[in-house]
Number of protein chains: 2
Amino acid sequence: VNALAFNSNKVQELRRLLGRRSSRHDERRFVVEGPVLVAEAVAAGWTCEAQFVPEGSAGAVEGAGEVFELADGVLERVASTETPQAPLAIVAMPDDLAVDSLLSAAAFVVVLDRVGDPGNLGTILRSAEAAGADVVVLTPGSVDPFNPKVVRASAGALFHVPILTAGIDDVAAAGLELFGTTSHGFRGRTVVSYTEAALTGRIAVVMGNEAAGLPDEWDDTVGPVRSWITIPHGGRSESLNVAMATTVIVFEAARQRALSR
Amino acid sequence: VNALAFNSNKVQELRRLLGRRSSRHDERRFVVEGPVLVAEAVAAGWTCEAQFVPEGSAGAVEGAGEVFELADGVLERVASTETPQAPLAIVAMPDDLAVDSLLSAAAFVVVLDRVGDPGNLGTILRSAEAAGADVVVLTPGSVDPFNPKVVRASAGALFHVPILTAGIDDVAAAGLELFGTTSHGFRGRTVVSYTEAALTGRIAVVMGNEAAGLPDEWDDTVGPVRSWITIPHGGRSESLNVAMATTVIVFEAARQRALSR
């Protein structure tokens with residue numbers, strides 16, 4: 001069998017899956033890059049359909065599907081990083097998760113409302129998993145969790161924490177108490193420090209878009225989010241980005257929840 | 001006055017200051033990029049010696065020094081980002097800070113032992129400043145805090161929290177209690193959860209290199225670090241990177257310190 005050229009069908013498929021959200025979701029497949037992440041996907045029980053390594057390389061990962069060889073220079077042209085590591089693996093997306101039953105069973109949820117930066121989402125997935133969140137919810141308009149930058153930044157957390165796409169009302173309907181996070185307060189919102197909020201029950205921590213935050217029309221009398229928290233800090237505004245703020249809050253929730261058990 | 005060409009002395013000086021640690025420290029100057037960060041440097045009282053904008057642009061920042069114009073395309077060639085924003089400003093490094101007196105006066109210190117990634121250092125500076133740390137100490141072998149990637153990732157925190165280069169023994173000599181952080185424990189170390197450690201006195205949180213952690217030969221009977229903490233988390237090892245771990249720990253310290261006041 002010859003090594004695959006850049007213009008071969010299989011390589012072009014890899015390119016589409018790396019580059020296009022619509023291709024990933026139409027085909028229900030995405031790409032995982034590098035030996036550590038591919039092995040993590042296999043270990044977590046995700047189905048790897050095929051893997052691609054440079055011709056003559058010994059870089060295939062056991063259990064990560066049929067091995068295809070890439071002609072000289074093709075890995076570098078197709079991968080999403082400047083210094084790519086083989087294998088690139090095509091991985092099947094899990095079946096759509098059942099929103100209602102997952103949320104009804106969850107006690108600790110992180111909701112991201114239109115978070116747009118892949119690095120932020122990846123970092124938040126790491127924090128959420130490490131802090132013991134049951135589910136991460138993305139509202140419509142969020143960055144695709146199967147974007148290669150998210151996959152990389154999540155450092156494997158993607159394979160371990162269930163990710164739903166759902167609306168804020170779905171989360172409220174599951175009986176979770178919603179804690180909106182704000183860096184600046186807003187009329188109609190009573191805001192308390194995140195360390196003074198009781199984060200021990202069935203809760204959802206709700207984080208907003210990087211630039212816009214959570215919708216201004218949500219206040220503590222109307223709309224799904226009735227409790228508002230903030231991270232007090234010295235000096236300048238906007239000291240923390242959304243990934244750092246989420247990390248701080250989910251670990252405070254984990255601390256309180258461990259104490260209350 | 002003509003706009004500066006790429007091979008002009010001033011543009012080559014910018015390149016050197018962006019690209020070379022030795023040039024920055026020999027000349028005691030570094031480069032700050034973009035209107036938000038340059039304005040932050042000016043507002044924080046740092047001395048901007050010169051600023052560079054594209055020819056015909058209105059992008060100069062008030063108070064950021066003499067304005068020089070760059071010929072077409074020069075900004076893109078010299079800046080450290082793919083989509084550069086003017087101005088680039090040459091900023092004077094502060095005088096070397098007095099290690100002994102700063103550490104003796106400090107109550108809440110973050111020590112980074114040979115942290116190497118500029119993005120991690122920038123994020124840690126943001127967290128440390130937001131959590132109210134008095135000083136950040138870098139041990140010899142750490143990434144340069146005036147590296148353009150650190151400057152950018154710090155989002156202005158660099159201008160607000162004093163940064164020292166010093167050894168771990170200098171920190172111990174200042175009478176601070178050192179809390180070493182470990183993700184895996186080590187023989188000879190008694191490790192407690194970071195939420196169970198008393199982080200309220202005169203403390204230094206000590207974080208290790210991304211790959212190596214803190215030196216294995218430091219244990220709780222020999223060497224400067226007598227107290228060891230860890231962040232418990234579910235499932236997989238190495239769930240958090242050093243920047244995320246530092247963020248979690250400094251905000252727990254801030255929480256405890258606010259309660260104890």
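Predicted model: local features only at pLDDT ≥ 70, side-chain atom pairs only at ≥ 80, totals over all residues.
Guide: The contact draws 27 residues from chain A and 27 residues from chain B.

Visitor: Which element of chain A gives the largest share of the side that touches chain B?

Guide: That share, six residues, comes from α9(A), while α6 (118-131) and α9 (242-260) of chain A each supply at least two residues of that side. By kind, the residues on the side of chain A that touches chain B divide into ten nonpolar, ten polar and seven charged.

Visitor: Why is Asp144(A) called buried?

Guide: Asp144(A) has a relative accessible area of 2%, and buried means under 20%, so the word applies to Asp144(A). Asp144(A) sits in the loop between β6 (135-138) and α7 (148-153) of chain A, where the residues it touches include Arg21(A), His25(A) and Val150(A).

Visitor: How do you know that a polar contact joins the side chains of Asp144(A) and Arg24(A)?

Guide: The distance given for this contact is 2.8 Å, and a polar contact needs a pair of N or O atoms within 3.5 Å, one able to donate a hydrogen and the other to accept it, so the value lies inside the cut-off.

Visitor: Why is Arg28(A) called partly exposed?

Guide: Arg28(A) has a relative accessible area of 30%, and because buried means under 20% and exposed means over 50%, the value falls in between. Arg28(A), in the loop between α2 (21-27) and β1 (29-33) of chain A, also has a positive phi of about 55 degrees although it is not a glycine.

Visitor: What puts the buried residues of α1(A) on the same side of the helix?

Guide: The buried residues of helix α1 (residues 9-19) of chain A are Val11(A), Glu13(A), Leu14(A), Leu17(A) and Leu18(A). They cover an arc of only 155 degrees around the axis, so they lie on the same side of α1(A). The face turned away from that buried side carries the exposed residues Asn9(A) and Gly19(A).

Notes: Residues numbered from 1 in each chain as written. Chains lettered and ligands numbered in written order. Heavy atoms only, no water. Helix = DSSP H or I, 4+ residues; strand = E, 2+ residues; numbered from the N terminus. Buried < 20%, exposed > 50% of the residue type's maximum accessible area, 1.4 Å probe, protein only. Contact = heavy atoms within 4.5 Å. Nonpolar A, V, L, I, M, F, W, Y, C, P; charged D, E, K, R; others polar. Arc of directions from axis to C-beta. Lists of a residue's contacts leave out its neighbours within four places in sequence.
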